[in-house]
Amino acid sequence: MNCIESREVILGATVSNPRGGSPEQPHKLRIRPVLRKGELFYQEERYVGTKVYHQNLRPGALVERLVDVMTADFGQLELETQRSRVTVLVSKKGKVTLRERAKTAQGSAPDFSHDRQKQYILPQDVPVPFLVELGVQTAEGKVVKAKYDKFRQINRYLEFVRDILVYLPRENGRPLRIIDFGCGKSYLTFALYYYLKVMNQYDICVIGLDLKKDVIENCQALADKFGYDGLKFQVGDIGSYQGDTEEVDMVVTLHACDTATDHALAKAVKWNARVILSVPCCQHELNRQISCSALEPVLKYGLIRERMAALITDAVRANLLEEYGYDTQILEFIDMEHTPKNILIRAVRKKHMKYRAGTKEQGALQQLEALLQIDPTLRELLKEVELFR
């Protein structure tokens, strides 16, 4: 923390990428300054499972708190002061990487009020062209009351994107290539493009893919209207999609139904994509397969069976991605249809993580598959990928 002068006020901090797997361990910390009776404190929001805990820290204790959590529990810190933005990364071997970017201009005085309006990545009261066109905002930038949940959910998605920016290099010798499988009406595809291209000046090419021709035509017309030259939409199926995909930096798959998610994940691994963001949907495959006499008292209830099968499906997917060199997390995501399907799989390819065939971790996963008598599609698809490596 020597890069932060003691007289500087920290405007906000996010601590993420937990290094432990305990359910009691926080998976994220958010810190912001607040004034209480005229005195400056830092409010810490600690996310544990689906619960949020708060505590207030005095300024003198904040840096020590950040050092403690980064040393023991977390791998990534994003911190903002009035003068700069700082990123701290800690590898599994304890190597620390620090990046500091000076701000180009000083903004207005920070608001430390305890009940201040939440600060979104896409700010309220500032019109964003595609959000106005899609009916989320008025022409003046006001969020339409009936669409406020949509606005909040779009910003939640962009928070996940913000967390992986450090893995998307700007100077790549070519545009960053992103493929969004099953883009649908593309609220999030447009948000992704706008955030990376317009707000952060990334040189990118984003391809949105969906089976519905009329939806794709409408999305492409909207991209053309706003001059989003790096955003293209195509009609196509995830399983059969080929395209000019020798180099893909990021694969997104949001609400791809059942094994369509597996096909998208397998293609991402085949292309050695740096980042994968996946929100699975309608996991029916293992629900049909799962059979275990020891769990029969639980599995005989249809609703419980369905939910267990969905959770097991995503846990198996995450483990398989780890076998193929990805640092993988399962995170809570606010779903666009307000259903319980709110899990996001975030995977980042790490050069130090090699394919772990025959290791203890892979053996444990295979034992689980044998116990439950399941044969997940993703494993078979990844075997085919291995043949081409």
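This is a predicted model: local features need pLDDT of at least 70, side-chain atom pairs count only at pLDDT 80 or more; totals for chains, interfaces and linings use all residues.
- Seven strands, written out as β4-β3-β2-β1-β5-β6-β7, form an open sheet of 7 strands with antiparallel pairing.
- At the edges stand β4 (51–57) and β7 (96–102), each of which pairs on one side only.
- Neighbouring strands of this sheet are turned against each other by 15° on average, with direction ignored.
- Helix α1 (residues 59–72) packs on this sheet and touches β1, β2, β3 (39–48), β4, β5 (74–81) and β6 (84–90).
- The direction of α1 makes about 150° with that of β5.
- Helix α3 also packs on the sheet, where it touches β1, β2 and β5.
- For α3, the direction makes about 110° with that of β2.

**The sheet around β13 and β14**

- Here, too, an open sheet of 7 strands is found, in the order β10-β9-β8-β11-β12-β14-β13, and its pairing is mixed.
- Its edge strands are β10 (231–235) and β13, and each pairs on one side only.
- From one strand to the next, the twist of this sheet averages 15°.
- β13 and β14 are joined in the antiparallel sense over 7 bridges.
- In that region, leucine 331 stands opposite leucine 344 of β14.
- Helix α9 (residues 302–323) packs on the sheet, touching β12 (275–281), β13 and β14.
- The direction of α9 makes about 155° with that of β13.

**Cavities**

- The structure holds 3 cavities of 30 Å³ or more.
- The largest cavity has a volume of about 100 Å³.
- Its lining is made by Ser16, Asn17, Gln76, Asp163, Ile164, Tyr167, Asp327, Gln329, Arg346, Val348 and Lys350.
- Three strands, β1 (10–18), β13 (326–332) and β14 (343–349), each supply at least two residues of that lining.
- Sorted by class, the lining of the largest cavity has 3 nonpolar, 4 polar and 4 charged residues.
- The second largest cavity contains about 80 Å³ of space.
- Around the second largest cavity lie Ser16, Asn17, Pro18, His27, Lys28, Tyr47, Arg156, Phe160, Gln329, Leu331, Glu332 and Arg346.
- Two or more residues of this second lining come from each of β1, α3 (148–163) and β13.
- The lining of the second largest cavity divides into 4 nonpolar, 4 polar and 4 charged residues.
- Ser16, Asn17, Gln329 and Arg346 are among the residues that line the largest cavity and also among those that line the second largest cavity.
- Leu331, which stands opposite leucine 344, is one of the residues lining the second largest cavity.

**Aromatic pairs**

- The count of aromatic pairs comes to 10.
- In one of them, the rings of tyrosine 120 and tyrosine 148 have their centres 6.4 Å apart and their planes at 80°, so the pair is edge-to-face.
- This pair links distant parts of the chain, with tyrosine 120 in the loop between β7 and α2 (129–133) and tyrosine 148 in helix α3, 28 residues apart.
- Helix α3 thus turns up in three places: it packs on the sheet against β1, β2 and β5, gives residues to the lining of the second largest cavity, and carries tyrosine 148.

Methods: Residues are numbered from 1 along each chain as its sequence is written. Side-chain values use heavy atoms; hydrogens and water are left out. On a 1 Å grid over the protein atoms alone, a cavity is a set of points where a 1.4 Å probe fits but cannot get out, and a pocket is an open set with protein on both sides within 12 Å along at least five of seven lines; lining residues have an atom within 4 Å of a point. Grid points are joined across faces, edges and corners, and a volume is the space filled by probe spheres set on the points. Helices (H or I, at least four residues) and strands (E, at least two) are DSSP runs, numbered from the N terminus. Ala, Val, Leu, Ile, Met, Phe, Trp, Tyr, Cys and Pro count as nonpolar, Asp, Glu, Lys and Arg as charged, and the others, Gly among them, as polar. Two strands pair if DSSP finds at least two bridges between them. Axes are lines fitted to C-alpha atoms, for helices over the stretch in contact, and angles run from 0 to 180 degrees between N-to-C directions. Contact means heavy atoms within 4.5 Å. Rings of Phe, Tyr and Trp (its six-membered ring) pair if their centres lie within 6.5 Å; planes under 30 degrees apart count as stacked, over 60 as edge-to-face and the rest as tilted.
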